[in-house]
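Please open the model in a viewer and keep the sequence panel at hand.

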Amino acid sequence: MTSLPPEADEAQVLRREFSLWSAFAFAFAFISPIVALYGIFGLALSAAGPSFWWGFALVFGGQLLVALVFAMLVSRWPLEGSIYQWSRRLLGTSYGWFAGWVYMWTLVIAMATVALGAAGFVANIVGIEAPSGTTLALIALVILLAGTGVNLTGRQALKIFMMASILAEVIGSVVLGTWLLLFHRENSLSVLFQGGGGELDTWAYLSGPFLMAVAFIGWSFVGFESAGSIAEEVHEPRRDLPKAVLFSLAFIALVVAYSSLAIILAIPDLDAVAAGAVDDPVYETLTAALGHGIAKPVEVLFVIGFLASFLALQTSASRVIWAYARDGALPAAPVLARLRGSARIPMVAILITTVVGGGLFLLSIVAGDVYSLMVNFTAGGFYLAFLFPLVGFLVVVVRRAWTPAKFSLGRATLPVAAVAVVWAVLQFLNIAWPRPAFEQRYLDWSVWIGVVVLGVIGLAILLTVRRRIVPVAVIDDIEAVDEGADRKVIAHD
């Protein structure tokens with residue numbers, strides 16, 4: 001097959017309506033500092049004590065190397081679907097197909113997880129005490145449907161929510177963090193060197209509790225790659241997307257580390273939190289410092305952050321599905337690839353994420369602790385998905401087959417690529433390691449269970465569509481023509 005199906009005519013090319021700022025806001029909202037902080041703070045503090053905070057520097061350093069590689073890849077191939085497209089062009093169609101398959105499911109599961117996380121805040125805001133799992137699932141379903149409505153409206157509504165997210169992050173993270181540091185410090189900076197207890201020596205602490213905290217922190221520093229998921233909707237993607245990838249990671253790291261520091265130093269009883277006696281250390285600390293009157297406004301800010309993250313995750317997942325379908329790489333590809341409305345939105349792909357998300361909520365009602373399973377797999381899933389393009393890129397660079405684009409590291413390319421692969425492998429194994437952390441032992445194997453199940457299903461689907469997949473040259477030509485036309489429009493304006 002050498003050309004796209006009839007459905008992929010000019011009307012089926014995505015509209016370029018995002019700027020550098022929009023791409024940055026999108027990646028920033030994907031895993032917002034509020035979501036990242038709230039998701040990992042209590043877990044990391046319980047695992048390793050206040051000194052878990054230094055894990056932010058370690059994870060940021062490793063993820064910065066990954067982001068540099070991704071910046072080079074998106075500069076070379078600014079295509080919708082990011083990880084799927086890059087991996088396919090590096091080491092072949094089957095390799096790329098599995099890369100995108102892992103990434104797509106990680107995005108969808110993360111989307112459902114964030115909706116369930118937001119449901120708890122919504123329940124508190126409307127006065128539902130101790131909500132049941134069914135209640136949370138129903139609230140999450142409402143969030144899912146509302147978010148789908150926003151995504152189906154068009155990119156302008158998405159931009160508005162992304163801007164609202166950044167405003168909420170600044171108030172909810174930076175402003176509140178500064179207020180805590182200035183007026184509600186309960187602990188000295190020396191607590192940042194406490195952790196693990198007196199019974200552990202330095203090596204035992206670093207190789208045990210601290211590594212577990214690093215695994216939790218790893219979930220906070222993903223999402224920067226999502227700027228590439230909307231590459232064909234961005235003006236000047238080869239120039240702007242590398243900046244969006246790097247700036248979003250740096251900004252998220254700075255805000256999360258700053259907010260975490262402020263909360264650690266403001267916690268009234270660190271020992272109780274480290275022992276796991278406080279269910280929600282972030283909320284309890286804010287309430288103790290600022291009073292119950294501030295609780296609901298703060299929760300509203302949290303909800304905004306969660307909703308923006310949900311929208312970014314759903315958008316990314318739908319774009320990966322659409323990129324697959326345009327290539328003919330999924331069943332019912334012509335239907336999934338169809339863009340609808342004047343905004344040219346992949347509506348069917350968005351609706352597919354809604355159906356799958358609703359199915360996960362239903363599963364959480366009937367099958368018990370599916371939420372923990374989803375959270376565990378999501379963290380490992382991102383790093384596994386990252387490994388596909390990282391390994392592919394390293395192989396191509398070692399073979400001296402890499403052609404640099406606008407963004408390049410020059411002679412530093414090989415060492416950065418090699419260390420990035422080592423980091424991602426170690427972090428994936430650290431996250432996926434089946435430590436005894438849950439009463440239900442199978443939850444400790446969440447990542448591996450997910451990998452096996454998705455691998456078997458994916459192989460069956462790939463075998464049915466492999467011969468129908470469009471060559472990469474066809475897609476590259478379409479993107480090049482569209483980007484060239486966009487430049488002419490910008491120049492004319």
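**Stop 1: helices H7 and H9**

Select helix H7 (residues 155-183) and helix H9 (residues 237-266): their axes approach to within 9 Å and cross at roughly 35°. Axes here are lines fitted to C-alpha atoms, for helices over the stretch in contact, with angles that run from 0 to 180 degrees between N-to-C directions. On the H7 side, the contact is formed by Ser-173, Val-174, Gly-177, Thr-178, Leu-180 and Leu-181; on the H9 side, by Val-255, Tyr-258, Ser-259, Ala-262, Ile-263, Leu-265 and Ala-266. Contact means heavy atoms within 4.5 Å.

The model is a predicted one, in which local features need pLDDT of at least 70 and side-chain atom pairs count only at pLDDT 80 or more, while totals for chains, interfaces and linings use all residues. Residues are numbered from 1 along each chain as its sequence is written, and side-chain values use heavy atoms, with hydrogens and water left out. Helices (H or I, at least four residues) and strands (E, at least two) are DSSP runs, numbered from the N terminus.

**Stop 2: the largest nonpolar core**

Next, select Phe-52 and Phe-386, which touch the most other members of the 169-residue largest nonpolar core. Helix H5 (residues 93-125) supplies the largest share of this core, 19 residues. Such a core is a set of buried Ala, Val, Leu, Ile, Met, Phe, Trp, Tyr and Cys residues joined through side-chain atoms within 4.5 Å. Buried means under 20% relative accessible area, exposed over 50%, and partly exposed in between (1.4 Å probe, protein chains only).

Which residues surround Phe-52, not counting residues up to four places away in sequence? Phe-52 touches Phe-41, Ala-44, Leu-45, Tyr-205, Phe-210, Ala-213, Ile-217 and Ile-264.

**Stop 3**

Move to Thr-93, which belongs to helix H5. Thr-93 counts as buried because its relative accessible area is 16%. Apart from residues up to four places away in sequence, Thr-93 touches Arg-88, Arg-466 and Ile-469.

Thr-378 lies in helix H15 (residues 370-398). With a relative accessible area of 1%, Thr-378 is buried. Residues up to four places away in sequence aside, Thr-378 touches Thr-106, Ile-109, Ala-110, Thr-113 and Trp-219.

**Stop 4**

Select Ala-137 in helix H6 (residues 133-153). Is Ala-137 buried or exposed? Ala-137 counts as buried, because its relative accessibility is 2%. Its contacts, neighbours within four places in sequence left aside, are Leu-116, Phe-361, Ser-364 and Ile-365. Ala-137 and Gly-358 are 221 residues apart in sequence, yet their C-alpha atoms are 8.8 Å apart in space.

Now show H6 as a whole. The expected span of a helix is 1.5 Å times one less than its number of residues. The 21 residues of H6 should therefore span 30 Å, and its end C-alpha atoms are 30 Å apart, which agrees. Among the buried residues of H6 are Ile-139, Ala-140, Ile-143 and Leu-144. Gly-154, which follows H6, has a positive phi, near 140°.

For helix H14 (residues 347-366), the 20 residues should span 28 Å, and the end C-alpha atoms are 29 Å apart, which agrees. Buried residues of H14 include Thr-353, Gly-357, Leu-360, Phe-361 and Ser-364.

**Stop 5: the loop between H15 and H16**

Phe-407 is placed in the loop between H15 and helix H16 (413-432). At a relative accessible area of 22%, Phe-407 is partly exposed. Neighbours within four places in sequence aside, Phe-407 is in contact with Leu-68, Ala-71, Met-72, Ser-75, Pro-242 and Leu-246.

Arg-400 is also found in the loop between H15 and H16. Arg-400 is exposed, at 79% relative accessibility. Although Arg-400 is not a glycine, its phi is positive, about 60°.

**Stop 6: two further backbone positions**

Finish with Ala-332, in the loop between helix H12 (295-326) and helix H13 (333-337). Its phi is positive, near 60°, in a residue other than glycine.
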